[in-house]
Amino acid sequence: MNATLRWMDELLSPFVGSPGSRTHVMMRMVLALLSVLMLCVLLMDATVASTTELDPYKVLGVTRSASQAEIKKVYKRLAKEWHPDKNKNPEAEDMFIKITKSYEILSNEEKRATYDRYGQTDSTHPYSHSHRGFRHFHDNFFFDESFFQFPFNDKGGQDFADSKYTLHFNQYVNEVVPDSFRRPYLIKITSDWCFSCIHIEPVWKEAVQELEPLGIGIGVVDVGYERRLANHLGAHQTPSILGVVNSKVTFFHYAVVKEHLMQFVEDLLPQRLVEKVTDKNNPEFLKSWHELNKPHVLLFDQVPSVPLLYKLTAFAYKDYVHFGYVDQGLSETTDLLRKFNINTYAPTMLVFKEDVEKPADIIQAKGMKKQIIDEFISNNKFLLAPRLVNQKLFDELCPVKQFHRRRKFCVMLITGEEESYATGNEAFLSLASANTNDVLRFAYVYQRHQQPLCDILLKNKDGAQQVVILERRNGAGKVLYKPVLGGWNGSKEDKHKLLEELERLQKDPSILKYDAILPKLNNEFASMFLIRWIHTAYDYLSQLIDDLLHNNWREMMPLLSLIFSALFILFGTVIIQAFSDSSEEKQPKSKANESSKSENGSSSTSNTSSSRPPRKSFVEVTELTDITYTSNLVKLRPGHINVVLVLTDATKNILLSKFAKEVYSFTGSLTFHFSFLNVDKHNQWMAAVLEYAQDAMQIDTDEDDLASRKVDYTGYVLALNGHKKYLCLFKPVYTGEDLESKLEEEGGGSRSRKGMMRSRSTTLQIHHKLDRLGLWMERLLEGTLPRYYVPAWPGLDKITVNK
């Protein structure tokens, strides 16, 4: 010590004068204080190094995925090996301490998770700083963030207790969202340097301490490290508090007080989870077990409102149990209290199954804890013989076999809802009520609601009741089963036969000799699409109104932008259409007298009243030959139709001229092609094609006459769809004047005059054959014509020679 003081005097004498001066003494005190501080810092760094160097996984020699059983087994072995009383190694004591400390960390799930995430626990870090003690700055510079932070709480920096509630994006999506269908979540959005977060911290801690034991999920999101999750939740400012139920996010907009937070969580839950039960509605409540296919639970308590813990339990088990609440302080519940002999000094829970007069189980405790209620409800989730109404219930009642000791056999009654099945159903229920074997599960199905399942299992197809014993083998639907012979009508003989089969099953499971793949069960309680859509629309509108009331404009901007864009497009289209219509009305209407030329050079004038603007000033008609046959029919593009006129050499000019007039108004359609077929050359092809349209080719003549004379195909029109292989047929109808009969009525005339009249009559008849072709084309365009399908188009290479 004296040597140290002499060294200080020699060091300070050139600067502050003689050793006895006042300045010299003060400076020596400052140097001594600095030396002590430096020594403390060095000791603290050594302590930090020694504590952080402890790797519990390495000390115990286990992997990070090791289970608690493996860790405990290794710890017992190492502790026995390195115990100082048995191991005389000088390092045994230190090693034993490390082993004990490592097991203390890894045996505690909370400490282990903290260590896995941050490499330390609150006990291994001497300052209890948060996991953000050091941050990387640029590439090679680190700084201790805690040096710049103010002591916002008792531990300095962010509260370390929030670390176990920290949420990450993947954790929220994969864990919180699915779990929110069973319990609500309360999430706090915070960040560093958030002074407003300091004020709500005490209230938040108090609310968490009261809500977490009730089963509420707690989460904390740090915007500085989980910006993606904060944006996903819609939280753009700190602090924010929100709730998540059924994957729906709801923000807290009130003063941060514990009572408000409690009420906020309660309001997150759906309405009518718990029904208020009195003496008047109790019979209807308990008797609804058959309709709802659920056990019913009654809670008796003296508080007027339903406790939050009971509501949370009802939300967690809403798919299994129907909940009711009885206020013991009301005069309308005295008969219920007397009937079930309820002790009014402690809350009581009764569970009712098929027997509505006697509870199946009862629990009574001064302080109802969540663990006690969960265990009570879990043991009574199902009726004694529930109806299989969906696949989820079937999976839970009849689980897939995993091990020999965990096998479950399902005794299934296939029955109906009618009154004639009531006796058999009651007998099956009495048998299920007497069952005490956990290996056997009794259930029933209505054949009308689960017809695919019953068709596979039923051996007796006469519609009678049937009992089937089955065991599920895998999740793909494979089961081993055996129907009980003789059907089921609930008689003593049937009961005795079923009990014998079940007794044999216990000794020899191989009696299940049939196997099958069962389909998925129909969900009998699935709501209609319209109802689901209404609920979704209601939730969306409520969220929209909530955002408007609390001025959440950041969230509203995308929706408002979409609405205004849709309105702009709608009104813009209407305005443009109005101006275009007015301009079209001002333009003079020109008469549609266009000339169209056919392939042989004949032209015709077409007057059409159709409003469809033609794209061509002529009708392009090509001849269907063996050269153009493949491109114009066989390999015609999908959706395109070739309209073919059938003619002869003698009628070619007349029919082509009339054909051009009738189809001219349809040339604006790009899917129509126009051709003609010379029946003098291809009569065999026409006969082969029209064999598939025999009902349209009926002729009022005898078969002998039909075979003796040749069918006249002149004036027929075929609409051929080459891709889909079908045709539509137009048969000519003469609508003109019969000149031959007129000539006979006039009394004859010269022979030359009669010949001229007959020639003129023939020409007019040919001309009028296509009078109704325009109407037929309209029906073709509408798709209302009958179609005649052709298996394969016949070849056009054979030519019929006229003799």
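**Figure 1. Two disulfides turn up in this model.** The count of disulfides comes to two, and the structure they sit in is a predicted model. Number the bonded cysteines along the chain and the pattern reads 1-2, 3-4. For anyone new to the term, a disulfide is a covalent bond between the sulfur atoms of two cysteines.

**Figure 2. A close-up of the disulfide between cysteine 194 and cysteine 197.** The S to S distance here is 2.1 Å. Which hand does this disulfide of cysteine 194 and cysteine 197 have? The torsion about the S-S bond is about 85°, so the disulfide is right-handed. Cysteine 194 is buried, at a relative accessible area of 7%, and cysteine 197 is buried with a value of 7%.

**Figure 3. Cysteine 398 meets cysteine 410 in a disulfide.** The two sulfur atoms are 2.2 Å apart. Cysteine 398 belongs to the loop between α16 (391-397) and β12 (409-415), while cysteine 410 is in strand β12 itself, so the bond ties together parts that are 12 residues apart in sequence.

Figure 4. Zoom in on β12 and β13 and you'll find them paired in the parallel sense, with seven bridges between them. Phenylalanine 409 stands opposite leucine 440 of β13.

**Figure 5. Helices α4 and α5 packed against each other.** Helix α4 covers residues 68-82 and helix α5 residues 92-106; their axes are 10 Å apart and meet at an angle of about 165°. That makes α4 roughly antiparallel to α5. Their crossing is left-handed. Among the residues that meet here are Ile71, Tyr75, Leu78 and Trp82 in α4, and Met95, Phe96, Ile99 and Tyr103 in α5.

**Figure 6. Strand β5 and its strand partners, β3 and β6.** How many of the six residues of strand β5 (residues 240-245) are buried? Six of the six are, so the strand is largely enclosed by the rest of the structure. In a regular strand, side chains alternate between the two faces of the sheet. Both faces of β5 are covered: Ser240, Leu242 and Val244 are buried on one side, and Ile241, Gly243 and Val245 on the other. Strand β3 (residues 185-190) runs antiparallel to β5, joined to it by five bridges, and tyrosine 185 stands opposite valine 244. Strand β6 (residues 248-251) also pairs with β5 in the antiparallel sense, over four bridges. There, valine 249 is the bridge partner of valine 244. The hairpin of β5 and β6 has two residues between the strands, and its asparagine 246 takes a positive phi near 55°.

Conventions: Residues are numbered from 1 along each chain as its sequence is written. This is a predicted model: local features need pLDDT of at least 70, side-chain atom pairs count only at pLDDT 80 or more; totals for chains, interfaces and linings use all residues. Side-chain values use heavy atoms; hydrogens and water are left out. A disulfide is a pair of cysteine sulfur atoms within 2.5 Å. Buried means under 20% relative accessible area, exposed over 50%, partly exposed in between (1.4 Å probe, protein chains only). Two strands pair if DSSP finds at least two bridges between them. Axes are lines fitted to C-alpha atoms, for helices over the stretch in contact, and angles run from 0 to 180 degrees between N-to-C directions. Angles under 35 degrees count as roughly parallel, over 145 as roughly antiparallel, 65 to 115 as roughly perpendicular and the rest as oblique. A crossing is left-handed if the near helix is turned anticlockwise from the far one by less than a right angle, and right-handed if clockwise. Contact means heavy atoms within 4.5 Å.
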